[in-house]
Amino acid sequence: MTAPKLNAACSTTILSAATSPSKVWAPHEQEVEILAETGEPFSCLNAVELFADLTTQDMASLDRISPPRLFHSGELVFSQAQPVSALFILKAGRIRIFRVAEDGKTLTIAILEPGAVFGEMLLVGQQMYDNYAEAIEDSTVCQLSAGDVEEHFLSNPKMAVKISRLLGEQVARLEERLTDMALRPLSARTAATLLKLAESAPRSRFTQSQAVKLTHEQLAGLLGATREATSKTMSDFATRNLIRQGRGRIVIEDLPGLRRISRTTF
């Protein structure tokens, strides 16, 4: 699939999804009990800025109809095979949104962190029938139906504006990524991607360095590059002491150096 076709296909679909019935987290009650011991009842909504204007009563009502599910690492949250109009909220873990090109190659559209909102939202003109979502580590996800979204969110002008803004921001980020893939060298794209991922990466307690939890294969998918080319670029970064590599993790050692590389255009 060419970049222009992919751009046209993706730019209208960034906040969308379809779901397949995956394993329901059987010990759901155990999770609630653990959180209750801290005095904080489980909620998928209370840490998401999008829902900040909801009343406590609305929050409690939505939490009751959107119980959490655990998706194990490698398990699909949704696929193009079984589309369902729904809104997903990532409470814990990380989710990879990707699509498969005609030649079988995968392109990672986004790696979602806790607090992310995604899903098939025909009510707001969004769909993602060509995409997949995969848990890249054990992840807790809550789901709201299209009817719940319409009743609680789209009838609220503030919520409708927030959802529209979120859609616009996500489409803009995707278009920026696709432009980078077409015009910028792999080293610059790799550096820029590592910098972006480092923004949400925890700092080491002792060295204050930041570790990005990602394999070369996952990073290659995010870059739209081959694993071999990505590994070569990462080895070059390691030789230049920009990063330090471990098993499934990348430690950022030189943020200014990566920023300089991310700005190169040839």
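Biologist: What hand does the link of Cys-44 and Cys-142 have, right or left?

Modeller: Keep in mind that this is a predicted model. A disulfide is a covalent bond between the sulfur atoms of two cysteines. Here the angle about the S-S bond is 70°, and the link of Cys-44 and Cys-142 is right-handed. The two sulfur atoms lie 1.9 Å apart.

Biologist: How many disulfides does the structure hold?

Modeller: One.

Biologist: Which parts of the chain does the pair link?

Modeller: Distant ones. Cys-44 sits in the loop between helix 2 (28–37) and helix 3 (56–65). Cys-142 belongs to strand 8.

Biologist: Are Cys-44 and Cys-142 buried or exposed?

Modeller: Both Cys-44 and Cys-142 are buried.

Biologist: On to salt bridges. How many does a search of the whole structure find?

Modeller: Six. Take Arg-96 and Glu-134 as one case. Their closest N and O atoms are 3.0 Å apart. A salt bridge needs that distance to be within 4 Å, so the pair qualifies.

Biologist: Where in the chain are Arg-96 and Glu-134?

Modeller: Arg-96 is in strand 4 (residues 95–100), and Glu-134 is in strand 7 (residues 131–135). The pair links distant parts of the chain, 38 residues apart.

Biologist: Is Arg-96 buried or exposed?

Modeller: Read the relative accessibility against the cut-off: buried means under 20%. Arg-96 has 12%, so Arg-96 counts as buried. Glu-134 has 18%, so Glu-134 is buried too.

Biologist: Which side chain meets Glu-137 in a salt bridge?

Modeller: That of Lys-213, at 3.5 Å from N to O. This pair also links distant parts of the chain, 76 residues apart. Glu-137 is in the loop between strand 7 and strand 8 (139–145). Lys-213 is in the loop between strand 9 (210–212) and helix 7 (216–223). Glu-137 is partly exposed at 22% relative accessibility, and Lys-213 is partly exposed at 46%.

Biologist: What about Asp-236 and Arg-240?

Modeller: They form a salt bridge, with the closest N and O atoms 3.0 Å apart. Arg-240 is partly exposed, with a relative accessible area of 46%. Asp-236 is partly exposed as well, at 34%.

Biologist: Which residues do salt bridges that share partners join into one network?

Modeller: Arg-94, Glu-137 and Lys-213.

Biologist: Now helix packing. At what angle do the axes of helix 3 and helix 4 cross?

Modeller: Two packed helices are described by the angle between their axes and the distance between the axes. For helix 3 and helix 4 (residues 146–154), the crossing is at roughly 170°, and the axes come within 12 Å. That angle makes helix 3 roughly antiparallel to helix 4.

Biologist: Which residues in helix 3 and helix 4 meet?

Modeller: Helix 3 brings Asp-58, Ser-61, Leu-62 and Ile-65. Helix 4 brings Asp-148, His-152 and Phe-153. The residues of this contact divide into three nonpolar, two polar and two charged.

Biologist: Where is Asn-241 found?

Modeller: Asn-241 is in the loop between helix 8 (227–239) and strand 10 (243–246). Its relative accessible area is 56%, so Asn-241 is exposed.

How values were computed: Residues numbered from 1 in each chain as written. Predicted model: local features only at pLDDT ≥ 70, side-chain atom pairs only at ≥ 80, totals over all residues. Heavy atoms only, no water. Helix = DSSP H or I, 4+ residues; strand = E, 2+ residues; numbered from the N terminus. Buried < 20%, exposed > 50% of the residue type's maximum accessible area, 1.4 Å probe, protein only. Disulfide = S-S within 2.5 Å. Axes fitted to C-alpha atoms, helices over the stretch in contact; angles between N-to-C directions. Parallel < 35°, antiparallel > 145°, perpendicular 65-115°, else oblique. Contact = heavy atoms within 4.5 Å. Nonpolar A, V, L, I, M, F, W, Y, C, P; charged D, E, K, R; others polar.
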